[in-house]
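Take a look at the chain shown here.

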Amino acid sequence: MNRVKVMKPIFRPEIESSFVLYPYRIYHLRLYYKRLGMRDKVFDYFAYVDLYRLGAERGDRFIELQEWEVEEKAVMNPLVNEEEARMKAFESAITWGNSRVISWWLPRIEVVREELAYKVFWLYEKDGERLILDSLDGKEYSLDVLTGKGRRTCKGPFCR
């Protein structure tokens, strides 16, 4: 059994289910901009870096985390290392900050808080169909369609 930090689930299926934990690295960054002839600017930025596909999303705050005791097989291993994730968070923060302030210099970035956490994806069966539910946005997806086991619905030369 492993002890891991999990983003507190908002949605949960009403029937019995299992789960998979998907890796993220969460950052609270503070950006300090120096400006000529004007007051300096300071911004707080919250980055959620996907450790499987190396994508970054901006958040409004640092999401609430819970500690769970889970079996190792329920936890997906990250494909992106800590340094790559940090650089992606910085890149995302600089892009966002530069769209809000005019400065001759790149900002000085301070890491206020950094955590490895997992997003919960619930796995369950309803009406004979295997489904996966995103615990943060409540969207349901067919597991057979995601894994390519369903019928092809797209026909024609532009389908894969």
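The paragraphs below go from the whole chain to single residues.

This is a predicted model, in which local features need pLDDT of at least 70 and side-chain atom pairs count only at pLDDT 80 or more, while totals for chains, interfaces and linings use all residues. Residues are numbered from 1 along each chain as its sequence is written, and side-chain values use heavy atoms, with hydrogens and water left out.

Start with the fold. The chain has two helices and eight strands. Here helices (H or I, at least four residues) and strands (E, at least two) are DSSP runs, numbered from the N terminus.

Now the overall dimensions. Along its principal axes, the C-alpha trace spans about 65 × 50 × 25 Å. The radius of gyration of the chain is 20 Å, whereas a compact globule of 160 residues would have one near 15 Å. That radius is taken over C-alpha atoms, and the globule rule is 2.2 Å times the number of residues to the power 0.38.

Next comes the surface. The chain exposes about 10,900 Å², and carbon and sulfur atoms supply 50% of that area. Such areas come from the Shrake-Rupley method with a 1.4 Å probe; for residues, only the protein chains shown count as cover. Of the 160 residues, 37% count as buried. Buried means under 20% relative accessible area, exposed means over 50%, and partly exposed lies in between (1.4 Å probe, protein chains only).

Contacts link parts of the sequence. A contact means heavy atoms within 4.5 Å. Take the contacts between residues at least 6 apart in sequence: 69% of them join residues at least 24 apart.

Is Ala117 buried or exposed? Ala117 counts as buried because its relative accessibility is 0%. Leaving aside neighbours within four places in sequence, Ala117 is in contact with Lys5, Met7, Tyr22, Pro23, Tyr24, Ile26 and Leu65. Ala117 and Ile63 are 54 residues apart in sequence, and their C-alpha atoms are 9.9 Å apart in space.

Glu115 is also found in strand 6, which covers residues 108–126. Glu115 has 16% relative accessibility, so this residue counts as buried. The side chain of Glu115 makes a polar contact of 3.0 Å with the side chain of Lys5. A polar contact is a pair of N or O atoms within 3.5 Å; within protein, one must be able to donate a hydrogen and the other to accept it, and residues adjacent in sequence count only if both atoms are side-chain atoms. Beyond four places in sequence, the contacts of Glu115 include Arg25, Phe62 and Leu65.

Move to Arg25, which is found in strand 2. Arg25 counts as buried because its relative accessibility is 13%. Which side chain makes a polar contact with the side chain of Arg25? The partner is Glu114, at 3.4 Å. With neighbours within four places set aside, Arg25 is in contact with several residues, among them Tyr48, Glu82, Glu115 and Leu116.

Arg86 touches Tyr27, Val111 and Glu114, not counting residues up to four places away in sequence. Arg86 sits in helix 1 (residues 82–98). With a relative accessible area of 22%, Arg86 is partly exposed.

Now turn to the loops. Lys34 is found in the loop between strand 2 (18–33) and strand 3 (41–50). Lys34 counts as exposed because its relative accessibility is 54%. The side chains of Lys34 and Asp40 are joined by a polar contact of 3.2 Å. Leaving aside neighbours within four places, Lys34 is in contact with Asp40, Ser103 and Trp105.

Two further loop residues deserve a look at their backbone. Leu54 lies in the loop between strand 3 and strand 4 (56–59). Its phi is near 55 degrees, a positive value in a residue other than glycine. Asp127, in the loop between strand 6 and strand 7 (129–134), has a positive phi of about 55 degrees although it is not a glycine. Most residues other than glycine have a negative phi. Leu54 counts as partly exposed, because its relative accessibility is 31%. Asp127 reaches 80%, so Asp127 counts as exposed.

Arg86 and Asp127 are 41 residues apart in sequence and 42 Å apart in space, C-alpha to C-alpha.
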